[in-house]
Every structure is written in structure tokens, then in C-alpha cells.
Amino acid sequence: MGRFSVFSFIKDQYTTLPSIKAFQKDLTGKTVIVTGANVGLGLEAARHFASMNPGRLILACRSRQSSEEAVKDIERTTACKSVEWWALDLTSFQSVSDFATRFEKEGGGKIDILVENAGINTGVYRQSKDGYESTLQTNHLGTAFLGLLLLPWLSRTESRVVVVSSELHYMVKSIKEADSPNIIDKLSDEKYCTSSVMRERYHVTKAFNVFFVKALAERLPADTKITVDAVNPGLCHSKLTREIEGVLAVFVSILKGILARTTEVGSRTLVHAALGGTQAEMQGKYLNKCQVEEESDFIISPEGHQIQHRLWDETVHILSKHDDRVKRNIDEYLKRN
Ligand SMILES: NC(=O)c1ccc[n+]([C@@H]2O[C@H](COP(=O)([O-])OP(=O)(O)OC[C@H]3O[C@@H](n4cnc5c(N)ncnc54)[C@H](OP(=O)(O)O)[C@@H]3O)[C@@H](O)[C@H]2O)c1
């Protein structure tokens, strides 16, 4: 059932995950994109894909230096020669559009695996150039934008879209901003985003990842070649909590010391979400410990379903203003819902 509790969380963290051998595949001729692959879970997931002889492995990351180091590191440890860094900053709509335009020209016509892993966790309010709170834009808007812009190439072959969520989505029992005319505008309103609101922001965006996956899966036609799922890597040693300060930082570091997986172990869940199971088993699902589990009660409640629809509409409205291809792709590759 996957119901979240302190006990189930601790038990999960001590559960041994299957080795990569259990679901590895020959990726000859396949194109794989991993966002946020310069460090952490993305880097380790990319390293696993690199060991499967991919036709093309694109690390979609924002920082040139650490991405070039990641390419070298993967090449050195796997002997893979098809790793490339492509610039992608999810906190900039222009950067996401540019990535899609580049893929149109240089991508080779299809995407087999898209792992949307990049994310941030910060309690600090920062507004992006596009006017949105940066955690919301990075974790949700930019992630959704990339997925929607890449639909044409994902549709060309049996493909997977993996969105990296978190068990912390279970902490979200409602979306308080649903009382406002526009949830995303409210969540980006600087005056509204006090420190107590920002404390919940990461969890909220991780719930939005699950909503997006379910909304997209519901809109994919019956004969789609695309499979989309959300995955929880579990608590892992990575740089994700780099901005957390004070008592919370001490608590997180103790918790990690006792319970966290290495990023290699956590990354297996991402690789499983991309390669394991069948479309029938994985479509629109939330995965934990390399298996399908039920999302939070809130996500699957009638109220949650309403939020899912609203969020989809608001998200598509915002993204369509930035790039005509969003509407075009939705009309061409998704069904009306
Ligand atoms: N670690 C955990 O315990 C845990 C648990 C549950 C879920 N997750 C999820 O796992 C995913 C990976 O996190 P991680 O733990 O590996 O953390 P991490 O080590 O901090 O890696 C995050 C990655 O996201 C990238 N990123 C951040 N903002 C970006 C932007 N605007 N554009 C492009 N890339 C951006 C980072 O790039 P830079 O290096 O340039 O900042 C980095 O590559 C996240 O979605 C996170 O929510 C992690």
C-alpha cells in the first residue's frame, strides 16, 4: 500500500534495493536525457545508463564546469564515449525552450528515456527572471515545460519519462492556495511567501510532480508509446539540502547519518523507473523502492484530483505564453480530458 509513516520511512531506508543488474538493458542506439546529472542522484543514474552502451547520453545541466567534469568522470568510470553536456537551466523558460530547439536540430529525432531529476530544496524565497518563485519554477514549471516540449520526440519510439518526486509529497494534506483564483500565482507572490509558507514549498512541488505525472498519463492516448512515472529515490546523501540552515540542518544531517542511502543506491530507483516494468504496470504511477506504491491520500482524493486538473490548466496556460510549441504538442500528442 505504501502508506507513509515514520515507521515505514525507516523500514524503507533499511530495505536493500535490487542491484542494477535486475533491470539493466542494452541501450544501443537509444537516446537518454538526464536533467541535473552533474552531481547527486542524476550523476549516478547517468553513470548507470552509460554502462549500458547508450547511443547518446545527454546530461542536461546548468553549470558548464561541473557538467564537463561529470562527462569526464562518467567516461573514465564506464568507458562510455557517447556522453554529452547540454545546457539547461530549469529556472529560465528561455533556457528550456532553447534546449528543445537544439534537440529539434541536433537530437537525432527521438528520445527513448527522459529522466527529469533536477530539483532544489530551499526555504529562501527567490523570484526567477520569469516572475515565479524559483523552487516552483525549477521543480514543477520548468520540469513540466521540458516534458511537454519534448513530446514529439518521445512519441516517436517506446519511451519513458521519469519525474523524480519524493516521499515528502505525503506531507502535503491540502493545497491552501486553492482558495485563490490562481494557485501558481499565489505560490509565487513574494508577500505571501513567508518563511512558514516556504518551509512547505519543497513538499508542495514534489506533490506537484506526482500531479503532473498523473495528469500527463491521463491525457496520453490509449495507443501512446510514452510511459510516464514518478519516482521516490528515498533519503540520500547528496547536495540537495545544501541551503538548509540552523536546527533543521543539524536534524537533517543526523537523519542522513543514520538513514540515508548513497546516491548510487538511490539512483537505482531512477534507473528502474526508466527501464523496469511494462507500460501497463508503470503508466502514471508513483514508485518507491523499485515498485509501484500508492500516492498520498490527498493526491488520490476527489479534492486532489480537482487540484490536479487546475494545476494542469494553470501550468499549460503559463507555459503556452512562453512557447507556442506547448499548445501545438498538446493538441497533436495528447487527448482532450
Ligand atoms: N537526496 C534526497 O534525499 C532526495 C530524496 C527525495 C527526492 N529527491 C529528489 O532527487 C532529485 C535529485 O536531487 P539530489 O538529491 O541528487 O540533489 P543534488 O545533489 O542537489 O542535485 C540536484 C541537481 O539538480 C540540478 N539543478 C538544480 N536547479 C537546477 C536548474 N535550475 N536547472 C537545471 N538543473 C538544476 C543541480 O544542478 P547544480 O549542481 O548546478 O545546482 C543538480 O544537478 C531532486 O528532484 C530531489 O527533489 C532527493
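Helix α14 gives the largest share of the lining of the second largest cavity, four residues, where a helix is a DSSP run (H or I) of at least four residues, numbered from the N terminus. The model is predicted, so local features need pLDDT of at least 70 and side-chain atom pairs count only at pLDDT 80 or more, while totals for chains, interfaces and linings use all residues. Residues are numbered from 1 along each chain as its sequence is written, and side-chain values use heavy atoms, with hydrogens and water left out.

A cavity is a set of points on a 1 Å grid over the protein atoms alone where a 1.4 Å probe fits but cannot get out, and its lining residues have an atom within 4 Å of a point. This second largest cavity has a volume of about 30 Å³, a volume being the space filled by probe spheres set on the points, which are joined across faces, edges and corners. Its lining consists of His 140, Phe 211, Phe 212, Ala 215, Gln 308, Leu 311, Trp 312 and Thr 315, and both α9 (201–219) and α14 (302–322) give two or more residues to it.

The largest cavity holds about 40 Å³ of space, and helix α1 (residues 6–14) provides the largest share of its lining, three residues. Among the residues that line the largest cavity are Phe 9, Asp 12, Gln 13 and Arg 261.

Elsewhere, helix α2 (residues 40–50) and helix α11 (residues 263–275) have axes, lines fitted to C-alpha atoms over the stretch in contact, that come within 8 Å and cross at roughly 60 degrees.

Key: Axes are lines fitted to C-alpha atoms, for helices over the stretch in contact, and angles run from 0 to 180 degrees between N-to-C directions. On a 1 Å grid over the protein atoms alone, a cavity is a set of points where a 1.4 Å probe fits but cannot get out, and a pocket is an open set with protein on both sides within 12 Å along at least five of seven lines; lining residues have an atom within 4 Å of a point.
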